[in-house]
Number of protein chains: 2
Amino acid sequence: MVTVAIVGATGAVGAELLSVLDKRRFPVDRLVALASARSEGSFLTFRGNKVAVQALTAEAFAGVDIAFFSAGATRSREFAPIAKAAGALVVDNSSAFRMDPDVPLVVPEVNPAALVGHHGIIANPNCVAAILTVALAPLERLSPIRRLVIATYQSASGAGARAMEDLQVQTRDFLEGRPVVPRVLRHPFAFNLFSHDSAIEDNGYNGEENKVGDEIRKILGREDIGISTTCVRVPILRAHSAVVNIEFERAVSPDEARAAFAGADGVKLVDNWTSNHFPMPNEASGADEVLVGRIRKDPSHPRALNLFVSGDQLLKGAALNAVQIAEALLTR
Amino acid sequence: MVTVAIVGATGAVGAELLSVLDKRRFPVDRLVALASARSEGSFLTFRGNKVAVQALTAEAFAGVDIAFFSAGATRSREFAPIAKAAGALVVDNSSAFRMDPDVPLVVPEVNPAALVGHHGIIANPNCVAAILTVALAPLERLSPIRRLVIATYQSASGAGARAMEDLQVQTRDFLEGRPVVPRVLRHPFAFNLFSHDSAIEDNGYNGEENKVGDEIRKILGREDIGISTTCVRVPILRAHSAVVNIEFERAVSPDEARAAFAGADGVKLVDNWTSNHFPMPNEASGADEVLVGRIRKDPSHPRALNLFVSGDQLLKGAALNAVQIAEALLTR
């Protein structure tokens, strides 16, 4: 008898969690759907059954075995320890505990061993970090990575279901000649792009950029990798992409990289030169695999390769990775 | 009495050329509007006068003083020498002559001296190369640049007026639940992005990427700069953006870079950390200046900075730069 709670059940990631749990036949005997008070009384459907959404309270975790948190860092900081104390294993999709040295930050294809000796809370990485580490791990096994220069193309979904809806509303307004009024993120989004909406921190990088670097290092277990990240929101609905320039300890050939991807879990090689077919968000959307391609030697550095990556922000970037963590916990 | 011809007068760049010539009070006593045979008989308006579009023929260049070519490399290769033989100065927006050692490739803010001793044809750079060299030249004056790692966010306009229209048609279809059918570029464009549509060349880079690197080196007069470029089309209408990682000979501080931009022609600094306001295509569109911002030290390299750039593809990336070249020629 497994009781599963989802905190943030009515959000974009919450909806994907339900879908992924169902699709992967995760053993859910009872589902506890939790959200903010304003969603209380609404209903979700899971495996054909109506599930009432309850307000997030300490009492809600009684009898819960696994709790997926996806309702922001503030709620995780308050309620994840409560869920843990009630006996639940917590898989937390927020940034609250990711850099805590006592909390494993896990991408199951990359660092499953980090789950050993967890203390009841496992952190699910930032979406860009999860997607990129799946693509980087097979290369890191060929030669240690020294430096990454990353430029992202991030979708609206990373800012939640309302941002996805607002992108569509703004775009419709633009096409029909009406004024474009941003209602969720700060800047116009219709046919526009902008520096990631997280606040700029003291080093001049925004919160997202700092997370991506810190989390890639923690997941790969390589505190010494130099990482330069620029995070940009583009008018795409739900898949993140990135250009990644990778400097290795030793020169890695594009053919070696392709062979490594061909044998790797969670990665799909899309690298067709003749048809100009490479990773694209529309093909990454809904896919479990991270798409990788445009693998080529960097002419400006003897030990560097370039790579283009697209991955579903809501799946590998959030819900799928969280469920994979839970699956790994259950099999232990 | 100055007679100006525009080859490709009915295209996206042609329309901008007319608008820029007018706005900058370029001395046009007679305008010869040339296009393919299928546009013959149509009319354009310039400074309130109707101008009949003529078919592109060798005879059309009689009496022409300055000819702007923007109808693709094939037509430039055939007709630019004819226009030159007829006595016209040619400003060519195609790639036909850009890498010809006898042809200056000019961004007037960057390398105006390259115009000296021209042989009647001056090449207007690739849009990304023009926009980026305006941003890079003030930094190159602080310290020689050693290496560039570039990721672009390129708009539909670079593929012409039909691609801009098709992006809007596809987006409307997507929003209304109709099938999205690409009619100009190969891949779906509505809420999607893809590797640049130019063909992949032997080195694994597409034509656009190779142009960007080659032309930046030629414009900056620095054959030794190492350049890694990844060109991506994003669902934006008419401004190109880029993340640029710049490695210098000596460490350049963000403050030095900001001061250099503040005093530079053709550049506008948009770098507001507190309001998260940085270069965006919607603000670059219609602007003569290239917007630069997100200037910060690269934590992964002691002598590198990161930069984000947005510039109007049809203006500084094409028509404006071409007219600026013609202005410089006229004042000689």
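Mentor: In this predicted model, helix 3 and helix 6 of chain B cross in a right-handed manner. Helix 3 of chain B covers residues 127-140 and helix 6 of chain B covers residues 254-262; their axes come within 9 Å and cross at roughly 120°. That angle makes helix 3 of chain B oblique to helix 6 of chain B. From helix 3 of chain B, the residues B:Ala135, B:Pro138 and B:Leu139 meet B:Ala257, B:Ala260 and B:Phe261 of helix 6 of chain B. By class, this contact has six nonpolar residues, with no polar and no charged ones.

A pair within chain A may be set beside it. Helix 1 of chain A (residues 12-23) packs with helix 8 of chain A (residues 315-331) at an angle of about 50°, the axes being 9 Å apart. Helix 1 and helix 8 of chain A are therefore oblique to each other, and the crossing is right-handed. On the side of helix 1 of chain A, the contact involves A:Val13, A:Glu16, A:Leu17, A:Val20 and A:Leu21. Helix 8 of chain A meets them with A:Leu315, A:Ala318, A:Ala319, A:Leu320, A:Ala322 and A:Val323. These residues divide into 10 nonpolar, no polar and one charged.

The third pair joins the two chains. Helix 4 of chain A and helix 4 of chain B, each spanning residues 161-175, pack at an angle of about 130° with their axes 10 Å apart. This makes helix 4 of chain A oblique to helix 4 of chain B, and their crossing is left-handed. Helix 4 of chain A makes the contact through A:Gln168, A:Thr171, A:Arg172, A:Phe174 and A:Leu175, and helix 4 of chain B through B:Gln168, B:Thr171, B:Arg172, B:Phe174 and B:Leu175. Four nonpolar, four polar and two charged residues take part in this contact of helix 4 of chain A with helix 4 of chain B.

The contact between the chains may now be considered as a whole. Chain B contributes 66 residues to the contact and chain A contributes 66 residues. About 5100 Å² is buried between chain B and chain A, and carbon and sulfur atoms give 59% of that area. Of the area that chain B buries against chain A, B:Arg147, B:Phe191 and B:Asn276 supply 13%, more than any other three residues. Between chain B and chain A there are six salt bridges. B:Arg296 forms a salt bridge with A:Glu209, where the closest N and O atoms are 3.5 Å apart.

Terms used:
Residues numbered from 1 in each chain as written. Chains lettered and ligands numbered in written order. Predicted model: local features only at pLDDT ≥ 70, side-chain atom pairs only at ≥ 80, totals over all residues. Heavy atoms only, no water. Axes fitted to C-alpha atoms, helices over the stretch in contact; angles between N-to-C directions. Helix = DSSP H or I, 4+ residues; strand = E, 2+ residues; numbered from the N terminus. Parallel < 35°, antiparallel > 145°, perpendicular 65-115°, else oblique. Left-handed = near helix turned anticlockwise from the far one by under 90°. Contact = heavy atoms within 4.5 Å. Nonpolar A, V, L, I, M, F, W, Y, C, P; charged D, E, K, R; others polar. Buried area = accessible area lost by both parts, 1.4 Å probe. Salt bridge = Lys/Arg side-chain N within 4 Å of Asp/Glu carboxyl O.
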